[in-house]
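This report describes selected features of one protein model. The sequence and the three-dimensional structure are shown first.

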Amino acid sequence: PVKRITDIIRMFVKVKPKIKSKLLLVGEGPERIPAQELVHDLGLRESVIFLGQQDGIDDILSCADLYLLPSEQESFGLSALEAMSCEVPVIGTNVGGLPELVKHGETGYITEVGDVEKMAFHAVNVLTDDVLQKKLGKQARQRVLDNFAQESVVPQYEAYYEEVLRQ
């Protein structure tokens with residue numbers, strides 16, 4: 001429930017009339033059946049695809065135009081980092097590490113938890129503006145490379161561990 005999958009579906013019902021689109025939902029969990037029921041109730045069965053658990057998520061992300069993470073709790077947002085690495089802009093919420101990862105207006109957008117209207121607004125803007133979508137995607141990838149790549153993060157961890165061991 002903390003991932004708020006139904007928020008994605010409620011947002012999508014607002015986006016769909018404005019832009020021809022499909023929604024891919026990846027993963028399994030206890031919220032899948034309620035999500036499928038909501039998709040049915042909203043008449044979105046032809047536009048929403050439940051992919052279930054997947055290996056090779058980078059192949060899916062590389063085809064995506066936008067990544068949505070409307071969580072009400074998120075420690076870091078590894079899945080958002082993976083999307084950004086594939087040059088996919090992210091719309092996330094202002095919880096946990098997401099605001100540190102996703103820079104509002106630069107690599108995607110941050111909204112309040114449950115603000116489906118604002119998520120839809122940003123999604124339509126990104127999905128109807130190829131220049132903006134590419135710009136956000138490229139800046140997202142660059143942010144990953146500059147701040148979260150193994151080459152820069154591992155030495156920081158090693159230095160910290162060495163400092164702790166010296167104490």
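Which residues does Leu24 touch, not counting residues up to four places away in sequence? Leu24 touches Ile49, Leu51 and Ile60 on that count, where contact means heavy atoms within 4.5 Å.

## Basis of the description

This is a predicted model, in which local features need pLDDT of at least 70 and side-chain atom pairs count only at pLDDT 80 or more, while totals for chains, interfaces and linings use all residues. Residues are numbered from 1 along each chain as its sequence is written, and side-chain values use heavy atoms, with hydrogens and water left out.

## Strand β1

Leu24 is found in strand β1; helices (H or I, at least four residues) and strands (E, at least two) are DSSP runs, numbered from the N terminus. Leu24 counts as partly exposed because its relative accessibility is 43%. In these terms, buried means under 20% relative accessible area, exposed means over 50%, and partly exposed lies in between (1.4 Å probe, protein chains only). Leu24 and Phe50 are separated by 26 residues in sequence, and their C-alpha atoms are 6.1 Å apart in space.

Leu23 touches Ile8, Ile9, Phe12, Ser47, Val48 and Ile49, again not counting residues up to four places away in sequence.

## Nonpolar cores

A nonpolar core is a set of buried Ala, Val, Leu, Ile, Met, Phe, Trp, Tyr and Cys residues joined through side-chain atoms within 4.5 Å. The largest such core has 25 residues, of which Ile9, Met11, Val15, Leu23, Val48 and Ile91 touch the most other members. Two or more residues of this core are given by each of α1, β1 (23-26), α2, α6 (116-127) and α7 (130-147). The largest share, six residues, comes from α6.

A second, separate core holds 17 residues, including Ala80, Val88, Val90 and Phe148.

Asp7 lies in helix α1 and counts as buried because its relative accessibility is 6%. Beyond residues up to four places away in sequence, Asp7 touches Pro70, Gly114, Val116 and Met119.

In helix α2 (residues 32-41), the buried residues are Ala35, Leu38 and Val39. Seen down the axis of α2, these buried residues fall within an arc of 100 degrees, so they line one face of the helix; the arc is that of the directions from the helix axis to the C-beta atoms. The cover of the buried residues of α2 includes α1 (5-15) and β2 (48-52). Ile33 and Asp41 are exposed on the other side of α2.

## Positive phi values

Gly43, which follows α2, has a positive phi near 70 degrees. Arg4 is not a glycine, yet its phi is positive, at about 55 degrees. Arg4 is placed in the segment before α1 and counts as partly exposed because its relative accessibility is 22%.

Glu87, likewise a residue other than glycine, has a positive phi near 65 degrees. Glu87 is found in the loop between α4 (78-85) and β4 (90-93), and it counts as partly exposed because its relative accessibility is 36%.

## Nonpolar surface patch

Tyr157, Tyr160, Tyr161 and Val164 make a nonpolar surface patch of about 460 Å², and Tyr157 lies in helix α8 (residues 150-166). Patches are made of residues with over 30% relative accessible area and no salt bridge, with like charges joined within 9 Å and nonpolar side chains (Val, Leu, Ile, Met, Phe, Trp, Tyr) within 5 Å. A salt bridge is a side-chain nitrogen of Lys or Arg within 4 Å of a carboxyl oxygen of Asp or Glu. Accessible areas come from the Shrake-Rupley method with a 1.4 Å probe; for residues, only the protein chains shown count as cover.
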